Amino acid sequence: MFQERHALLPSETHDEAARYAFVSSLRKMFTVDLFPGMRTVYNERQRPAFEAKHGRTPDDVREAKTLMEQSFYYRGSNVIGRAAQELLWDTVGESVERQLDTLDEAAKPKPGDLGTLRTNPDLPIPRYIDSVDIHVMPGNFHTELSPDDTFAGALYDRGVHVFSFGGLGARNDGLGVAMAAFVRETYPDLKPKRILDMGCGPGFTTLPWKEAFPDAEVHGIDIGGPQVRYAHGRAEAMGEAIHFSQQDGTATDFPDGHFDIVVSMLVTHECPQPVIRALFKEANRLLAPGGLTLHDGGASYASDPFENLLMSWFGNNVNEPFSAGFKSLDYDQAFIDAGFAKDKLVRGKRDPVYLKGQLPRISFVGAMKD
């Protein structure tokens, strides 16, 4: 699937397009063929050998990992998965760097813009963000290369499409479209006046909310200045009125009860548990009575140690250091601790918008405010 063209999307030369295609194919081979094959190797070769020797199955993830590391297939697959991830950012990054001045200029606010942009160069960057390149993405989500920098936003928007081999749709908006549809289907009487997308990145999770609720005032916040600058230019290029600001989702400058819906997508699995709890607490403060907060995720650990090893692949191999804590969090208790009532907790699932039948159903966790 091709990525939808707009004024902020980095263009590519013939050679860059060829490299994109190669990286995307390599990522797809790892995801569709090699990764599931690890399960076959475990079930048909490694586990039977372990059982024959010890008279039992592996007890925990560490034992399953030690067992799989004896397999050339497992070690080789991990090398390919990691190499594909690094090659992804190298490939997209070179293309974005070549045209960065043009992108920075195109993203600047202009008279007559539909939405607004607020940045805060003095915003402290928390250590859990500053000390690691999530996904091996150079500079992570926040590094500033210049006062008008959009590099990290452009890199993430283009990179996610190559990474997912188009699986999130032509606008990378699959998660946002699915979550907004879930809200419309589950809460048909909810007529939001204001909606907030926490950790909006380059804005591809934010725009679906404006499309689903065109009468609502939609805001997106992110701790990265390059993210919100790019998101603003991207939304303007797509003709959507969105208000972006550079803020920490755990302590925003919005007044109490300002929003009717507060969401996040692709955010909580990158956060330590205390930050996830703080996000839920801030969502409670920001919601008006009857408002809804909703976040993707909520999957807990499986009972099978090998399945948990697979679930930890990104944490072990491509810099998702907090994904393990994300799975062990008691979400119900976290929402209750944040101030939500036990009988107002929300759990839901919905089919993905794109690649339906090929991707697992999307899980949501959240709560309504009394």
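Select R234 and D157 first: the two side chains form a salt bridge (a side-chain nitrogen of Lys or Arg within 4 Å of a carboxyl oxygen of Asp or Glu), and their closest N and O atoms are 3.4 Å apart. R234 belongs to helix α9 (residues 225-237) and D157 to helix α6 (residues 151-163), so the pair ties together parts that are 77 residues apart in sequence. Helices here are DSSP runs of H or I with at least four residues, strands are runs of E with at least two, and both are numbered from the N terminus. R234 is buried at a relative accessible area of 2%, and D157 is buried at 0%. Buried means under 20% relative accessible area, exposed over 50%, and partly exposed in between, with a 1.4 Å probe and protein chains only.

The model is predicted: local features need pLDDT of at least 70 and side-chain atom pairs count only at pLDDT 80 or more, while totals for chains, interfaces and linings use all residues. Residues are numbered from 1 along each chain as its sequence is written, and side-chain values use heavy atoms, with hydrogens and water left out.

Next, select E4, R171 and E211, which salt bridges with shared partners join into one network. The count of salt bridges under this rule is 23.

E69 and K65 form a salt bridge with closest N and O atoms 2.7 Å apart; E69 is partly exposed at 36% relative accessibility, and K65 is partly exposed at 29%. E105 and K108 meet in a salt bridge at 3.0 Å, N to O. E105 is partly exposed at 46%, as is K108 at 31%.

Finally, select helix α1 (residues 14-54) and helix α3 (residues 72-98), which pack at an angle of about 160° with axes 9 Å apart. This makes α1 roughly antiparallel to α3, a term for angles over 145 degrees. Axes are lines fitted to C-alpha atoms, for helices over the stretch in contact, and angles run from 0 to 180 degrees between N-to-C directions.

Key. Parallel < 35°, antiparallel > 145°, perpendicular 65-115°, else oblique.
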